[in-house]
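Please study the sequence and the structure shown below. Then work through the exercises in order, comparing each solution with the structure.

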Amino acid sequence: MNWSPIPDVIDWGSVPDWFGAVGSIASVLFVYLGLRREIRARRTDDLRIRATQARLVSAVAEIRGTSVLRVTVANESDAPVLDVAVLARLVPPDEPDAPPVGLAAAKQVRRIPGRDVHDLFVTVTAEHRMRPADTVLVELTFTDHDGNRWCRVGAGQPEPVG
């Protein structure tokens, strides 16, 4: 008499059943990974298409004296950009890898028409004095014609906001 709750012989199935099970699991995994790659590729294509106008909007800073920056925002697209915010930041000259320091409050422009250039003059706060050799990064945030919000830092690629 066997009092053990586990039977003496367990039927583990045949070798073909095991191969079939492993093959089924492998095929489901293969389909999942392929689908995941396809979704990622479509998202990248969608972002590239949405960023067409955003890549044509840029800003450059020019140091004027010790306390004024001239920031030129260029919209080289055919459509206007809206709610433009410009934030000038100083890259510390002694530590280029350190995070940039804000120089002044953000300047706002409601609308920049297509194929237009807009100049902003930013007065730097009193604790910062600019030198011609300083490096200034401009963080540009705007809404494109399709209602997408973008942020572009320096010459980098535009990134979607929110």
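The model used here is predicted. The side chain of Arg 152 reaches the backbone oxygen of Gly 156 at 2.7 Å.

**Exercise 1.** State which side chain of opposite charge is nearest to Arg 152, and explain why no salt bridge is assigned.

*Solution.* 
- Step 1: The nearest such side chain is that of Glu 76, 8.2 Å away.
- Step 2: A salt bridge requires a side-chain nitrogen of Lys or Arg within 4 Å of a carboxyl oxygen of Asp or Glu, so this criterion must be applied.
- Step 3: Arg 152 is buried yet has no salt bridge.

**Exercise 2.** Decide whether Thr 72 and Glu 76 are buried, partly exposed or exposed.

*Solution.* 
- Step 1: Buried means under 20% relative accessible area, and exposed means over 50%.
- Step 2: Thr 72, in strand E2, has 19% relative accessibility and therefore counts as buried.
- Step 3: Glu 76, in the loop between E2 and strand E3, has 44% and therefore counts as partly exposed.

**Exercise 3.** Identify the side chain with which that of Thr 72 makes a polar contact.

*Solution.* The partner is the side chain of Asp 119, at 2.8 Å.

Methods
Residues are numbered from 1 along each chain as its sequence is written. This is a predicted model: local features need pLDDT of at least 70, side-chain atom pairs count only at pLDDT 80 or more; totals for chains, interfaces and linings use all residues. Side-chain values use heavy atoms; hydrogens and water are left out. Buried means under 20% relative accessible area, exposed over 50%, partly exposed in between (1.4 Å probe, protein chains only). Lys and Arg count as positive and Asp and Glu as negative; His and the chain ends are not counted. A polar contact is a pair of N or O atoms within 3.5 Å; within protein, one must be able to donate a hydrogen and the other to accept it, and residues adjacent in sequence count only if both atoms are side-chain atoms. Helices (H or I, at least four residues) and strands (E, at least two) are DSSP runs, numbered from the N terminus.
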